[in-house]
Each structure stands twice: as C-alpha cells, then as structure tokens.
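Colleague: Can you walk me through this model? I would like to start with the rings, then the strands, then the pocket.

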Amino acid sequence: MEKFRRAYVAVDVLFDVNGKMIPRSITWEDGRIYGIDRIIDVRRAASLKAGGQGIRYTCRIRGREKYLFYDTDKWFVEAEER
C-alpha cells in the first residue's frame, strides 16, 4: 500500500477584488514550477491520504486532477513517500 505525506509547496496566488484566493501555480520542493490550468472545486475538507485539513482546491495541473490544500498560512499537496 502506498504511503503519502504532506509536501509543503510555494504557491503563486491571485487575490480577486473580493479577497478570494485563486492559486495560479505551485513550486515543488526541488524548484520545478507547475501552472494550474483550472480550479475545479473549492471546499473545506480533510486530506485522506496525507492527513491534515484545510481549504481543498481541486485543480487541473498538466491534464490531471490534483488536490492543493491551504491550512493556516501553509500550502501542501499529497505526495507519495520516497
């Protein structure tokens, strides 16, 4: 069974005129930058794979759906243990 961890990432965020956060890209731990093609859903939810909770953004990144979480001033994604 695969194990997952919280991988903390830097996120480029756009704030609209109402203060809504719109993530535009993530910078991975090794410096690679991935653009977010589309935000599909935003809701309060738990990470069932890596633990933790926060605002969960369901994003389309490079044609695949991924979860991006915002939890008390930090952003993380679910990443496989190495």
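Modeller: What follows goes through those topics in that order. This is a predicted model, where local features need pLDDT of at least 70, side-chain atom pairs count only at pLDDT 80 or more, and totals for chains, interfaces and linings use all residues. Residues are numbered from 1 along each chain as its sequence is written, and side-chain values use heavy atoms, with hydrogens and water left out.

Colleague: How many aromatic pairs are there?

Modeller: Five. Rings of Phe, Tyr and Trp (its six-membered ring) pair if their centres lie within 6.5 Å; planes under 30 degrees apart count as stacked, over 60 as edge-to-face and the rest as tilted. One of the pairs is F69 with F76, which is stacked, at 4.9 Å centre to centre and 10° between the planes.

Colleague: Are F69 and F76 buried or exposed?

Modeller: Both are buried (under 20% relative accessible area, where exposed is over 50% and partly exposed is in between, with a 1.4 Å probe and protein chains only). Y70 and W75 make a tilted pair, 4.8 Å centre to centre with 55° between the planes.

Colleague: Which rings join into a cluster?

Modeller: Y8, Y67, F69 and F76 are linked by ring pairs.

Colleague: Which charge lies over the face of Y67?

Modeller: R56 does, at 4.3 Å from the ring centre. K74 lies over the face of Y8, at 5.0 Å from the ring centre. The test is NZ of Lys or CZ of Arg within 6 Å of the ring centre and within 35 degrees of the ring normal.

Colleague: On to the strands. How do strand 2 and strand 3 pair?

Modeller: Strand 2 (residues 10-15) and strand 3 (residues 21-27) are antiparallel over six bridges. Strands here are DSSP runs of E, at least two residues, numbered from the N terminus, and two strands pair if DSSP finds at least two bridges between them. L14 is opposite I22. The two strands form a hairpin with five residues between them, and G19 in the turn has a positive phi of about 85°.

Colleague: And which residue is the bridge partner of S25 in strand 4?

Modeller: G35. Strand 3 and strand 4 (residues 33-35) run antiparallel, joined by three bridges.

Colleague: Last topic. Which residues lie nearest the centre of the largest pocket?

Modeller: W28, R64, K66, V77 and E78, out of 17 lining residues. A pocket is an open set of points on a 1 Å grid over the protein atoms alone, where a 1.4 Å probe fits, with protein on both sides within 12 Å along at least five of seven lines; lining residues have an atom within 4 Å of a point. Strand 7 (64-71) and strand 8 (74-80) are the elements giving two or more residues to that lining.

Methods. Helix = DSSP H or I, 4+ residues; strand = E, 2+ residues; numbered from the N terminus.
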